[in-house]
Amino acid sequence: MFDLDRWNEIMQTITRNRTRSILTAFGVFWGVFMLIMLTGGGGALEKFIKRNMDGVATNSCVIWSGRTSEAYKGFRKNRAWNINNRDVEIIQDRVKGFDAISPVLYGGWSVRDNNVVRGDKKGTFRVQGMNANYNKINRQKMMFGRYINDIDVMENRKVCVIGTRVYETLFTAGEDPVGQSISVDGIYYKVAGVGNGSDNLSFNGDPRETISIPFTTMQQLYHFGDRIDALFATSQPNIAMSEVQQQIETILKSNHSIAPNDRQAVTAFNLEMLFRQVDGLFLGVKILAWIVGLGTLFAGIIGVSNIMMVTVRERTQEIGVRRALGASPLSIMSQIMSESFTITAIAGFLGISFGVLGLQMVDLGTGVGAGGAEGLFQIDFMLAAIAALIIIMLGTFAGLGPAFRAMKIKPIEALSEE
Amino acid sequence: MIRLENINKTYYTGTPLHVLKGIDLHIEKGEFVSIMGASGSGKSTLLNILGILDTYDTGKYYLNGTFIDNLTETRSSSYRNKLIGFVFQSFNLISFKNALENVALPLYYQKVGRRTRNKIALEYLDKLGLKEWAHHMPAELSGGQKQRVAIARALITKPHMILADEPTGALDSKTSLEVIKILRDINREGMTMIIVTHESGIANKTDKIIHLSDGVIDRIEKNTHKKKSSPDSEIK
């Protein structure tokens, strides 16, 4: 229960030696401030990196062909080869544990100027071919219409999904592009949808500036035969992508007479491993932030405890007088603990407040959280609650030793200390 | 009111020091008693035992019929708060509390509300002529004023007795006289008063003088000067 008298007593004793109280409290303040800033900063870095990976399935990998590095089955080394449609069929048939697979065609590295035209509007954009599964691997939010579907792929339809920048170049704002025709490299396609991808983690350029068509259409119209540039795959939940990747690599090597020990012929980029490494890195950052923050906070708490010990020593006679006048040992103990708790709590909650303010200022200063996006330099409510709980526990802990010492002071001994 | 039977107290600091040796004492309600003796005679120890600030080794101590022995610290604190008022030689006011707060402190431990205890404290300060000084800090008060604040603090819980350890020890003779007059006036209202002093002039103002010597009561002297000397007469 709130006891005004008790708080008056506490404030009287705390403000009696202001400089010392402030310096003592500063240790706790700095500890909490550091904890908030470090965890908030570490969290911001994590959010920043993960935001850049947003939209990409974390359990995915991309596989493409390279040149062989081993002579095998009568083939010389340094041989070029390509993934093809048959590989995809066999992989879909035999590989266990995959969730989605999409062949991808990039259509070469050079793009003709103003290759995309609609009426008098034109622009230069990259074209790529894929199947419907690609949107599960590299997700895009659809602004208009739909994504490429299985029928588009099956029937080699001349449909496309355009990126937002393509839409902005060819259409007026707000105009519905679905069903409209655009010319890409001299061939007319109907727009099936507009995908709002981001430039964060993407392959073969910015998806906002890309035109996606069914890979079968691309193979036919661009005369690629059954060639596929890359395979994108995701694993089922609870199945490691590396297992699926291994199975795909084995099939590809077998289909194309590549030595099983050839490490160069099949190249893979396993995002699951990358994400795991990133997660591990940020776990390390978090642990480091907590160690440094809590270490600083503990140093502050030990400071509070030390000063409270000194205070009790200095106030021995006063405690003796209080005891003589009727203060029970418990009330003396509670008085000292309340003082310790109050100093710690005030300093700690100021630390949290200034920590949050500091993060906010960094957020505004760096501008990474601007533009309507969620602020990066923030702490979770749970972290603030945990910090508050730690402060309360440590504040009580800091006062425990001095309070026991105060409680044991005998009035007769204290009064004789003149 | 107070009955001590064969009280013994030994301090064990290096060589055992037998400070009180079989003290038998009876003090009636309303008496004004002084305890005199040379330094080390055990007078302060006796006062501390009477004030439940210290314990005794053997014997019996009855206060208002209650056997005072083996009390918990909490029970001791409660008895001190309700039954006994203390006046110390060095006043022992809490330096960061003003006169009013110092006087009101014993009532704080009785959980009396702030407004009520400040009102009562002000009445006691007024009674001791310090109403105007209620909000002054101890450092702003003279020695006599500090001791009057301490007396007000001792009185505020309406205790059964007041124990004063050298209450005039830190005061000049004029102020000592004022303080002893106050204590005498309080005694006349029926309060039992026990003071430890080494000043015979102060002791002569009391009804009964207990002479302690080497831990035993040497003699108890009924004060024959009581009726002749007024508390205003000079202390010798």
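Trainee: How many residues does the contact take from chain A and from chain B?

Mentor: Keep in mind that this is a predicted model, in which local features need pLDDT of at least 70, side-chain atom pairs count only at pLDDT 80 or more, and totals for chains, interfaces and linings use all residues; side-chain values use heavy atoms, with hydrogens and water left out. Residues are numbered from 1 along each chain as its sequence is written, while chains are lettered from A and ligands numbered from 1 in the order in which they are written. Contact here means heavy atoms within 4.5 Å. On that basis, the residues taken are 24 from chain A and 25 from chain B.

Trainee: Which three residues supply more of the area that chain A buries against chain B than any other three?

Mentor: Buried area is the accessible area (1.4 Å probe) that two parts lose on being put together, summed over both. For chain A and chain B that comes to about 2300 Å², 54% of it on carbon and sulfur atoms. The trio that supplies 27% of chain A's buried area is Asp5(A), Leu325(A) and Ile412(A).

Trainee: Which residue of chain B meets Arg323(A) in a salt bridge?

Mentor: A salt bridge is a side-chain nitrogen of Lys or Arg within 4 Å of a carboxyl oxygen of Asp or Glu. The count between the two chains is two. In one of them, the Arg323(A) side chain sits 2.5 Å, N to O, from that of Glu73(B).

Trainee: Is helix α5(B) largely enclosed or exposed?

Mentor: Helices (H or I, at least four residues) and strands (E, at least two) are DSSP runs, numbered from the N terminus. Buried means under 20% relative accessible area (1.4 Å probe, protein chains only). The buried residues of α5(B) pack against α10 of chain A, and against elements of chain B including β6, α3 and α4. Eleven of its 13 residues are buried, so α5(B) is largely enclosed.

Trainee: Which residue's backbone oxygen does the side chain of Ser340(A) reach?

Mentor: Ser340(A) lies in helix α11 of chain A and is buried, with a relative accessible area of 0%. Leaving out residues up to four places away in sequence, Ser340(A) touches Val304(A), Met308(A), Gly395(A), Ala398(A) and Gly399(A). The backbone oxygen that its side chain reaches, at 2.8 Å, belongs to Gly395(A).

Trainee: How far apart in space are Ser340(A) and Ser305(A)?

Mentor: In sequence, the two serines are 35 residues apart. In space, C-alpha to C-alpha, Ser340(A) and Ser305(A) are separated by 7.5 Å.

Technical notes:
Buried means under 20% relative accessible area, exposed over 50%, partly exposed in between (1.4 Å probe, protein chains only). A polar contact is a pair of N or O atoms within 3.5 Å; within protein, one must be able to donate a hydrogen and the other to accept it, and residues adjacent in sequence count only if both atoms are side-chain atoms.
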